[in-house]
Amino acid sequence: MKPFFARFFAPLAALALIFFTSCAAQNTAQSAPPAESASFESATPSAAGPAAENAPSESLPPQRPALPDGFCYVVDVIPGLAEEMRYATADNFMGRAIAGYNAPYAVLSNEAAAALAAANADFEQQGFAVKLFDAYRPQMAVDDIMQWLEDDADQKMKTVYYPNVEKSRLFAEQYLASRSGHTRGATVDMTLVDLATGEEADMGTGFDFFDPASHYAAPGLTEEQAANRMLLRETMLAHGFYPYDNEWWHFTLEDEPYPDTYFTFEVG
């Protein structure tokens, strides 16, 4: 039989050991950082690490090629410019992208772009804005068009762009040429957009519709169509561009900087 004091104090000692062990565990738990917080902190560096910081942004525009001295991207001179560069697409009289147009950028000589910007500011005062279909055109594009003209079998876009004129007559009737002011960076093909509606102004025909109906003074125009053509023509004349009577959309800077140079650099 155990002595009295052993039988009395042994249970008390066990209770004391349990009490102190429990307190130590609670203090340890309180001093440690919460597991959830530690997990959040460890995840943060990897989410904002070098790989994430250097990842390309989908919102950044593609890099544009550098241009020769004296030329510029027109949208840099006229922010928000409407561009529908048809020759970089299949939506044109040839039905395919034309050689030298690798991207739908409007490019002009600095002087032509500045004059067009002044004209656009004038149009805006009258409730309109410029829309471009073509600007600088590489000589290789002109050569491509001339080769296309020689292929009489390729007329897949005839009903859309030249229904009433034989393809063999497009050169003779001066809708197309082997030399162009476009290639000098001085010519634009354009229309106007109504700022109130966002729609193109009614000019009677579409761009590059090779037909007498596209001549500036063609008969049969409505009053609105004639007024829109006159607005386009008179405003461009006021800003140093001269028109081409066979195409209401075609204007060349009169005081062009490169009157005898036909450039070959590609667009895009």
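A contact is a pair of heavy atoms within 4.5 Å. By this rule, residues 24 or more positions apart account for 73% of the protein's contacts with a separation of 6 or more. The model is predicted: local features need pLDDT of at least 70, side-chain atom pairs count only at pLDDT 80 or more, and totals for chains, interfaces and linings use all residues. Residues are numbered from 1 along each chain as its sequence is written, and side-chain values use heavy atoms, with hydrogens and water left out.

The protein has eight helices and seven strands. These are DSSP runs, numbered from the N terminus (helices, H or I, at least four residues; strands, E, at least two). Of the 268 residues, 40% count as buried. Buried means under 20% relative accessible area, exposed means over 50%, and partly exposed lies in between (1.4 Å probe, protein chains only). The accessible surface comes to about 15,000 Å². Carbon and sulfur atoms hold 57% of that surface. Areas follow the Shrake-Rupley method with a 1.4 Å probe.

The largest nonpolar core has 60 residues. Such a core is a set of buried Ala, Val, Leu, Ile, Met, Phe, Trp, Tyr and Cys residues joined through side-chain atoms within 4.5 Å. Leu-116, Phe-123, Leu-132, Met-190 and Met-236 have the most contacts inside this core. Elements that give two or more residues to the core include strand 1 (71-73), strand 4 (128-134), strand 5 (187-194) and helix 8 (223-238). Helix 5 gives the most, with six residues. Beyond residues up to four places away in sequence, Met-190 touches Leu-116, Phe-123, Leu-132 and Met-236, among others. Its partners also include Trp-248, Trp-249 and Phe-251.

The largest pocket holds about 310 Å³ of space. A pocket is an open set of points on a 1 Å grid over the protein atoms alone, where a 1.4 Å probe fits, with protein on both sides within 12 Å along at least five of seven lines. Points are joined across faces, edges and corners, and the volume is the space filled by probe spheres set on them. The lining comprises 18 residues, those with an atom within 4 Å of a point. Tyr-175, Ala-177, Tyr-244, Glu-247 and His-250 lie nearest the pocket centre. Strand 7 (residues 247-253) supplies the largest share of the lining, three residues. By class, the lining has eight nonpolar, five polar and five charged residues. Here Ala, Val, Leu, Ile, Met, Phe, Trp, Tyr, Cys and Pro count as nonpolar, Asp, Glu, Lys and Arg as charged, and the others, Gly among them, as polar.

Gln-139 is found in helix 6. Gln-139 counts as buried because its relative accessibility is 9%. Leaving out residues up to four places away in sequence, Gln-139 touches Ser-178, Arg-179, Thr-183, Tyr-262, Phe-263 and Thr-264. Asp-122 is found in helix 5. At 28% relative accessibility, Asp-122 is partly exposed. Asp-122 and Ala-238 are 116 residues apart in sequence, yet their C-alpha atoms are 9.6 Å apart.

Most residues other than glycine have a negative phi. Gln-174, in the loop between helix 7 (158-161) and strand 5, has a positive phi near 65°. Asp-208 also has a positive phi, about 60°. Asp-208 lies in the loop between strand 5 and helix 8, and is buried, with a relative accessible area of 3%.
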